[in-house]
Amino acid sequence: MSAAHLPPTINKWDAPVLCIAKGPQSASCSLMPVNDFHYFSIPFVMDGATTHNPCHMPDVYAAALQDHLMSFKHLRERLQDADMDEQAKTQFSSAVQTRFMEWLTEHGHTRELSDLQDLERRSIVD
């Protein structure tokens with residue numbers, strides 16, 4: 001961020017700036033609802049020392065993120081502790097993958113999955 005002259009101490013997360021060329025300012029923006037804020041990771045490694053967001057995350061968003069992560073952790077634990085034989089595990093895994101692919105298609109995200117698969121293939125070759 002220093003190379004771009006962007007000090008992480010100036011944190012304007014709640015003060016969006018709307019830049020429009022000439023004409024009426026009909027566009028608007030709003031803050032993301034706290035419940036829509038989720039953890040994500042970028043599936044590649046970049047050069048440099050930055051491994052996390054250098055800006056302070058607002059407390060309500062940090063709390064929501066922690067809640068989402070804990071829900072995921074509890075679901076993962078329940079699945080690991082489930083008393084399923086190998087056939088049931090295979091059927092469950094297949095059902096989850098099928099429903100995930102349906103969700104990707106319904107929401108128009110199949111291209112993103114394809115892009116991630118391409119990145120993974122390239123990293124295996126390199």
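Analyst: In this predicted model, the protein chain has three helices and zero strands. Read along the sequence, the pattern is α-α-α.

User: What share of the protein chain counts as buried?

Analyst: Of its 126 residues, 4% count as buried. The term buried applies to a relative accessible area under 20%.

User: Why is Leu75 called partly exposed?

Analyst: Leu75, which lies in helix 1, has a relative accessibility of 40%. Buried means under 20% and exposed means over 50%; the value for Leu75 lies in between, so Leu75 counts as partly exposed.

User: What makes the nonpolar surface patch, and which helices supply it?

Analyst: Leu75, Leu79, Phe92 and Val96 make a patch of about 320 Å². Helix 1 (59–81) and helix 2 each supply at least two of its residues.

User: Which residues line the second largest pocket, and what is its volume?

Analyst: The volume is about 240 Å³. The lining consists of Phe100, Trp103, Leu104, His109, Glu112, Leu113 and Leu116. Helix 2 (86–106) and helix 3 (110–125) are the elements that give two or more residues to this lining.

User: How do you know the class make-up of the lining of the second largest pocket?

Analyst: The lining has five nonpolar, one polar and one charged residues. Leu, Phe and Trp count as nonpolar and Glu as charged.

Notes: Residues numbered from 1 in each chain as written. Predicted model: local features only at pLDDT ≥ 70, side-chain atom pairs only at ≥ 80, totals over all residues. Heavy atoms only, no water. 1 Å grid on protein atoms, 1.4 Å probe; cavity = no way out; pocket = protein on both sides within 12 Å on 5 of 7 lines; lining within 4 Å. Points joined across faces, edges and corners; volume = space filled by probe spheres on them. Helix = DSSP H or I, 4+ residues; strand = E, 2+ residues; numbered from the N terminus. Patch = residues over 30% accessible without salt bridge, like charges linked within 9 Å, V, L, I, M, F, W, Y side chains within 5 Å. Areas by Shrake-Rupley, 256 points an atom, 1.4 Å probe, with all protein chains shown as cover. Salt bridge = Lys/Arg side-chain N within 4 Å of Asp/Glu carboxyl O. Buried < 20%, exposed > 50% of the residue type's maximum accessible area, 1.4 Å probe, protein only.
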